[in-house]
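Please keep the structure in view while reading.

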Amino acid sequence: MNSKEALEFINNMFVQKNKQVLNDLETSLFLGMWQHKSYKDIASQVDYSEQHLREAGANLCKKITEEIGIKVSKRNFNNPIEHQYQQLYAQVLSLQKSIVEPTNLAQQDKSEPTSLPQQNYNPFIPLQGRVNPQQFFAREREMRRIFEAFNSGSSIALIGKKGLGKSSLLWRICQQVKTFVESPCQAVFLDLNLVNDEDDFYSALCNEIGIPNSKGYMLVRNLRNCRVILATDNVGNITSKGFSRHVFEQLRGLAEGSDPFFRLILAARVPLNELFNDNHNQGKTSPLEGICQEENIEPWDENTARAFIASRLSMTSVSFTREEINQLVQKSDGHPQRLMQLCHQTYAQYVEYLQ
């Protein structure tokens, strides 16, 4: 697990128990401790004293300890969390192996009792956000084009409406970089929802790459011995967080050339020219125009939606009726997230009937 995966795992545990996710300070501490940083190093990146961070760090360890049931300390921070993750993952695999053959419950006589495994879980998750690599479905054509672009030295912009799976595709691409990109490189994932401003962006970027905190020429210098693909999610947040075009002009400079050591893959809801709409008034083009090849992410077609439902149901003892599947496909209109939510509701009704 990397630091962002571990943070997401812990936050998901809190959400499932209706508890507050980690706040900004706790998030900074979590990411720093996961990367084995000292409180002094963490203090240099946040507006808190080293002593305050020590106290907050001890409280954070106690909070996580109470949640996972294993003692967590700054010195032994990663191992307990990774152990808990592996335990839960093993339970899911065990459950999947123990399920019975699919049965069409809706066509059975309700007078005859039918049961699901006692620990039967709803396979139509997550309802929000990106799916993990093991749950990723379809988009093979888009992935092939993206890696072809990477191997030709290009950068990519994934453009599509909310709920079409851009974040999941972006995350999946990061997991596949070592396999499908011809020249060895490092994939770095940054979600702008977790970044406060430009300084925070540069700090997060350098931290994930593993170079000293820098920007401008010093960033270029520190990247000389690196080959990086930067995957940036929720790029549309640049307008609400006060990002200037200079950030993306520098990213453009890093990504230029026939064999760039720095390439980009961005996820946004609108084309880059619309994202940087202030450019038109000033007679300028997007700072990323000509660098990023735009890949439009379209809704799933009917066959893909049906295949997705069948794939998730194959892990359970439930089968939807033909009429239910038709309605789910029609109502979702090819939006993966909407289809997931509708299927989750339908599946929950089956489980409720059997309890």
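In this predicted model, S155 stands opposite C292, a residue of strand β5.

**Strand β1 and its partners**

- The pairing between β1 and β5 (residues 292-296) is parallel and extends over five bridges.
- Strand β4 (residues 262-268) also runs parallel to β1, to which it is joined by four bridges, and here I156 stands opposite I265.
- Because five of the five residues of β1 (residues 155-159) are buried, this strand is largely enclosed by the rest of the structure.
- In a regular strand, side chains alternate between the two faces of the sheet.
- In β1, S155, A157 and I159 point one way while I156 and L158 point the other way, and all of them are buried.

**The loop between α5 and α6**

- Most peptide bonds are trans, and most residues other than glycine have a negative phi.
- The peptide bond from I125 to P126 is cis, its omega being near 0°, and P126 lies in the loop between α5 (78-98) and α6 (140-151).
- A138, placed in the loop between α5 and α6, has a positive phi, near 65°, although this residue is not a glycine.
- A138 is buried, because its relative accessible area of 15% falls under the 20% cut-off.

**The loop between α14 and α15**

- D333, in the loop between α14 (322-332) and α15 (336-354), is a residue other than glycine with a positive phi of about 55°.
- D333 counts as exposed, because its relative accessible area is 52%, which is over 50%.

Technical notes:
Residues are numbered from 1 along each chain as its sequence is written. This is a predicted model: local features need pLDDT of at least 70, side-chain atom pairs count only at pLDDT 80 or more; totals for chains, interfaces and linings use all residues. Side-chain values use heavy atoms; hydrogens and water are left out. Helices (H or I, at least four residues) and strands (E, at least two) are DSSP runs, numbered from the N terminus. Buried means under 20% relative accessible area, exposed over 50%, partly exposed in between (1.4 Å probe, protein chains only). Two strands pair if DSSP finds at least two bridges between them.
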